[in-house]
Amino acid sequence: MKEKVDARIDAATERRGIVIIFTGKGKGKTTVGFGTVTRAVGHGLCAIKGQWPNGERRLLEPHGVEFQVMATGFTWETQSRELDSAAARDTWRHARRMLADDTLDVVLLDELTYMISYDYLDREEVIAALTTRPAGQSVIITGCGCHRQLLEMADTVSEMRPVKHAFDAGLMAQQGIDW
């Protein structure tokens with residue numbers, strides 16, 4: 001077994017940024033995305049991420065991690081396609097800038113899959129930005145229902161599958177655990 005693993009390690013010779021997608025209906029997509037950003041920052045890489053205020057932001061922002069937040073929050077709270085679309089486009093403007101910045105090693109696009117599936121952002125524009133990003137830059141995309149074109153272009157895809165969730169038993173989301 002060790003020889004097989006060692007042979008696979010020896011065969012992996014290409015070094016470049018990768019696209020990682022964490023998708024599915026299970027809990028943990030954002031958490032694993034932030035875990036990867038935290039690992040990158042711990043190794044001295046420059047990383048950025050966009051999302052609402054949370055524990056991860058309080059931890060990472062003082063270490064130079066840039067956050068761009070979609071101003072409207074959860075789409076089920078606003079119930080305004082017009083406001084959500086405008087907010088998504090504004091946040092995407094920052095994401096495009098980050099995806100073109102060769103000083104950034106890692107970019108986390110949390111919940112991007114929704115912005116594409118709800119047609120708030122043009123899928124082809126997103127794919128073009130991902131395709132033309134700096135060669136050494138890795139991108140992490142999270143969210144349910146990831147479009148097949150993104151799945152096909154990704155280097156690594158993991159799908160979270162719900163088995164059991166405390167919320168289904170009536171337990172409230174908890175600060176420090178769920179956000």
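Let's start at strand β1, which runs parallel to strand β6 (residues 156-160) and is joined to β6 by 5 bridges. This is a predicted model, so treat the tour as a walk through a prediction. Phe 22 is a handy landmark here: its bridge partner in β6 is Ser 158. Turn to β5 and you will find Thr 142 standing opposite Phe 22. β1 and β5 also run parallel, with 4 bridges between them.

With those pairings in view, look at how β1 sits in the fold. In a regular strand, side chains alternate between the two faces of the sheet. For β1, both faces are covered. Val 19, Ile 21 and Thr 23 are buried on one side, and Ile 20, Phe 22 and Gly 24 are buried on the other. Buried here means under 20% relative accessible area. Because 6 of the 6 residues of β1 (residues 19-24) are buried, the strand is largely enclosed by the rest of the structure.

β5 leads us on to another feature, the second largest pocket. Both β5 (138-142) and α2 (29-42) supply at least two residues each to the lining of this pocket. The largest share comes from α2, with 3 residues. In total, 13 residues line the pocket, and the space inside is about 210 Å³. To find the centre, look for Thr 36, Ala 40, Leu 45, Val 106 and Ser 138, the lining residues that lie nearest to it.

Definitions and conventions: Residues numbered from 1 in each chain as written. Predicted model: local features only at pLDDT ≥ 70, side-chain atom pairs only at ≥ 80, totals over all residues. Heavy atoms only, no water. 1 Å grid on protein atoms, 1.4 Å probe; cavity = no way out; pocket = protein on both sides within 12 Å on 5 of 7 lines; lining within 4 Å. Points joined across faces, edges and corners; volume = space filled by probe spheres on them. Buried < 20%, exposed > 50% of the residue type's maximum accessible area, 1.4 Å probe, protein only. Pairing = 2+ DSSP bridges.
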